[in-house]
Each structure stands twice: as structure tokens, then as C-alpha cells.
Amino acid sequence: MEIGIIGLPQSGKTTLFAALLGESAPKATAGRPGPQVGVVKVPDARLQVLEAMFHPKRTVFAEIRFWDVAERTFTKDEGIGSQIVNTLRQADALLHVVRVFGNESVPHSEGSVDPERDVATVNLELAFSDLALLETRLQRLDASLRGAKGLERESYLREHALLGRIKEQLERDIPIREQSLTQEEWRAIDMYRFLTAKPLMVVYNLGEEQRGEIEVWEKQADGQRARLLALALCAKLEAELAQMQADEAAQFRAALGWHEVGRGRIIRGAYELLGYISFLTVGPDEVRAWSIVSGTTAQAAAGKIHSDMEKGFIRAEVVSFAHLTQCGSLAETRKRGLMRLEGKNYPVLDGDVITFLFNV
Ligand SMILES: Nc1nc2c(ncn2[C@@H]2O[C@H](COP(=O)(O)OP(=O)(O)OP(=O)(O)O)[C@@H](O)[C@H]2O)c(=O)[nH]1
Ligand SMILES: [Mg+2]
């Protein structure tokens with residue numbers, strides 16, 4: 001899972017990036033070309049339980065990769081640079097950091113702190129870049145249509161109609177992620193990697209003194225919109241806590257009345273937003289969590305591990321994490337009839353412990 005961090009200059013993108021990465025954050029960030037990539041482990045208490053049961057050589061958590069795209073992602077005059085757009089197009093989701101913190105010493109690129117305006121500004125920039133791409137593609141289709149006949153012509157016409165409809169709605173301020181498209185239409189536009197089609201997490205970055213307002217900000221943001229999730233946190237405070245020893249940080253959190261680490265809330269949010277779940281694999285070498293989109297079939301899930309496993313898929317031995325912990329071993333789940341054999345079309349569930357059987 002790849003998530004691109006975007007936002008106006010000085011909104012706290014790099015600070016949030018540091019909060020997500022904690023100790024592993026790259027130190028000097030200024031002046032580096034291209035996106036900085038940070039890998040965050042997805043916390044999963046089930047892995048500790050499995051570790052105690054299987055004593056593996058290693059334990060591997062699922063991962064999310066965050067990109068702190070650039071020093072100046074969005075500027076009022078220039079919009080988003082084409083290189084950044086191309087990078088962002090590869091992401092599975094976008095995370096928009098919105099400045100709410102005051103702090104007079106940090107100038108705001110738009111002259112004043114106004115979170116709703118900034119959300120609208122960035123949304124507009126994303127829409128502009130999609131509109132430019134739609135425009136180019138429609139022109140190319142017009143050209144191709146001139147010489148096209150039969151089936152080829154029909155397929156161009158279909159695509160032209162679809163892109164035209166999408167463009168018209170985007171011009172009316174409806175991001176693609178909120179447009180109602182059929183499954184087939186989503187698939188047809190997938191290759192364009194439109195920015196406003198991506199799931200979006202809006203993170204309101206509050207100042208330390210605004211820490212009592214977290215819930216207010218999350219409630220007020222419209223949670224009902226498709227593929228959009230709003231969170232609020234204090235990025236600077238979270239980044240500081242992420243640098244502390246775990247027990248010291250926990251004491252601070254308790255004093256603040258925060259039950260969950262900001263990083264954990266963002267990771268959980270990303271899973272929810274993208275519809276991700278985790279399945280587990282166990283053995284003497286490693287216990288491991290793998291993230292997949294909910295509804296992924298057993299055969300496709302095997303492909304996450306190795307393409308040979310997908311190609312040579314025979315069947316999957318599946319037991320739920322709950323049943324495995326009740327029984328204490330895989331052998332016991334077999335004995336009690338809780339281990340199931342599933343075929344290639346079985347939709348994998350969160351917490352399934354799976355052994356794939358395959359031909360090489
Ligand atoms: N008071 C306060 N200051 C913050 C907070 N988050 C960021 N800042 C400050 O705002 C400034 C910019 O933060 P960065 O994280 O570098 O912002 P950025 O979006 O990465 O900035 P660019 O990459 O230059 O666009 C720094 O001086 C931070 O210390 C916050 O939650 N509270
Ligand atoms: Mg930065």
C-alpha cells in the first residue's frame with residue numbers, strides 16, 4: 001500500500017511523516033530531490049500470539065509506504081509540478097495535511113489559517129491535473145476516431161462518452177471518487193490513475209494548544225462522502241512522542257487522554273479507507289501478516305506471496321486466527337475439524353491463517 005502525502009507548503013507534511021516513522025525517520029530532509037519514502041509497520045497484536053505459538057526465526061509485519069513527496073508540493077502560482085503529479089499518480093491513496101495550528105512564527109502560504117479554504121484549494125489543484133489529462137486523452141480519441149471502423153470505433157466511442165461524462169462532472173466540482181461509476185467503468189479508467197479518483201484521507205494538523213478539539217474537527221468533516229476519511233491530530237506533538245522511549249511516551253499519552261498513537265489511527269484509517277484486510281502465514285521460519293483488498297480470492301492472495309504460488313495454486317488450508325488460538329496448534333485445529341480446505345475462488349477473510357498448497 002502506497003500513500004502520497006500532499007498539502008500546502010508548511011502545513012506539516014514532513015512533521016507528520018516523521019511522526020509516522022518515529023525512530024526510522026530520515027534525518028536531514030531539506031534539499032533532497034524526489035519523494036522520500038518511509039516504510040511503516042502495521043501493528044498487529046495477532047503476530048505476537050503466533051510468535052509465541054510457532055517460535056519462528058522472524059516475524060514480519062505488513063507494511064505501508066508513505067511518500068513525503070516534496071518540499072513544496074503545492075504553490076499558489078505554479079500548482080502541482082508535473083513530476084510530482086506523475087509520482088502521485090502511482091499512489092493507492094492520498095493523505096492531505098491541512099494546517100489548523102496557529103503559530104505566528106510559521107508563515108502560511110495563503111496569508112492566513114483557513115483549513116476549509118485550503119482543502120478546497122488542494123482539491124482544485126488535483127481536479128486541474130485530472131482535467132488536463134482528460135482533455136489530452138479526449139483529443140487523442142477524437143483523432144483516432146477519424147480513421148476507426150467497426151469494433152475499434154465502438155470502443156473509442158464508449159471511452160469518449162465515459163471520459164466526457166467524468167470531465168463534465170469534475171468541472172462541476174465533483175471529484176471522480178464521488179462520481180457514481182459502475183465496476184466496469186472503474187476498471188476502464190484505472191490505468192489513468194486520476195488523482196481525484198483516489199481514496200483521500202484529510203488530516204487536520206492541530207497545534208498543541210488545540211489538542212482538545214480533535215473530536216470536533218473529525219465530526220465536523222463530512223464522514224459520509226465516498227472514499228474520504230477525515231482525521232485530526234497534533235503532528236508536532238506526535239512526532240515528539242514518536243522519538244521518546246515507549247514507556248515515557250505512553251505516560252505522556254495517558255496524561256493527554258490519548259488512547260491511541262496517531263500513527264496507529266492513520267494506519268487503521270488507511271485500511272478502512274482502502275478496504276484492506278490482513279491474512280496470516282505461519283511456520284518455523286516466519287510468521288507474517290499480508291495486506292490485501294477485502295474480497296481478494298485465495299489464488300490472488302497466494303500471488304501476494306509469490307507468483308509461482310498463484311500460477312500453481314492447488315488449494316488453501318484455512319483456519320481462523322480465533323480457532324487457532326483456541327486450539328493452540330495447527331494439528332489440533334485439524335483434529336477438531338476447524339481447518340478447512342478452500343479452492344481458488346474462496347474470498348480470504350481478515351485473520352485467516354493460510355497454508356497454500358501449490359505445484360511448481
Ligand atoms: N505549532 C505547530 N507547528 C507545527 C505543527 N506541525 C508543523 N509545524 C511547524 O510548521 C513548520 C513546517 O512544518 P513541516 O512539517 O516542515 O511542513 P511541510 O508541509 O513539510 O513544509 P514544506 O515541505 O516546506 O511544504 C515547521 O516549523 C513545523 O515545526 C504543529 O502541529 N504545531
Ligand atoms: Mg516538507
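Predicted model: local features only at pLDDT ≥ 70, side-chain atom pairs only at ≥ 80, totals over all residues.
Six strands form an open sheet with mixed pairing, and the order is β2-β4-β1-β7-β8-β9. β2, residues 36-41, and β9 stand at the edges with a single partner strand each, so one side of each has no neighbour in the sheet. On average, neighbouring strands are turned by 25° against each other, ignoring direction.

If you want one pair to look at, take V40, whose bridge partner in β4 is I64.

Next, the helices on the sheet. α1 lies across β1, β2, β4, β7, β8 and β9, and runs at about 35° to β2. Helix α4, residues 115-147, also packs on the sheet, where it touches β1, β7 and β8. The direction of α4 makes about 145° with that of β7.

Now α8, residues 235-243. Which residues of this helix are buried? They are A235, L237, E238, A239, L241 and A242.

The axes of α1 and α8 come within 8 Å and cross at roughly 35°, and the crossing is left-handed. From α1, the contact uses T15, L16, A18 and A19; from α8, it uses A235, K236, E238, A239 and A242. By type, the residues of this contact are 6 nonpolar, 1 polar and 2 charged.

Notes. Residues numbered from 1 in each chain as written. Chains lettered and ligands numbered in written order. Heavy atoms only, no water. Buried < 20%, exposed > 50% of the residue type's maximum accessible area, 1.4 Å probe, protein only. Helix = DSSP H or I, 4+ residues; strand = E, 2+ residues; numbered from the N terminus. Axes fitted to C-alpha atoms, helices over the stretch in contact; angles between N-to-C directions. Left-handed = near helix turned anticlockwise from the far one by under 90°. Contact = heavy atoms within 4.5 Å. Nonpolar A, V, L, I, M, F, W, Y, C, P; charged D, E, K, R; others polar. Pairing = 2+ DSSP bridges.
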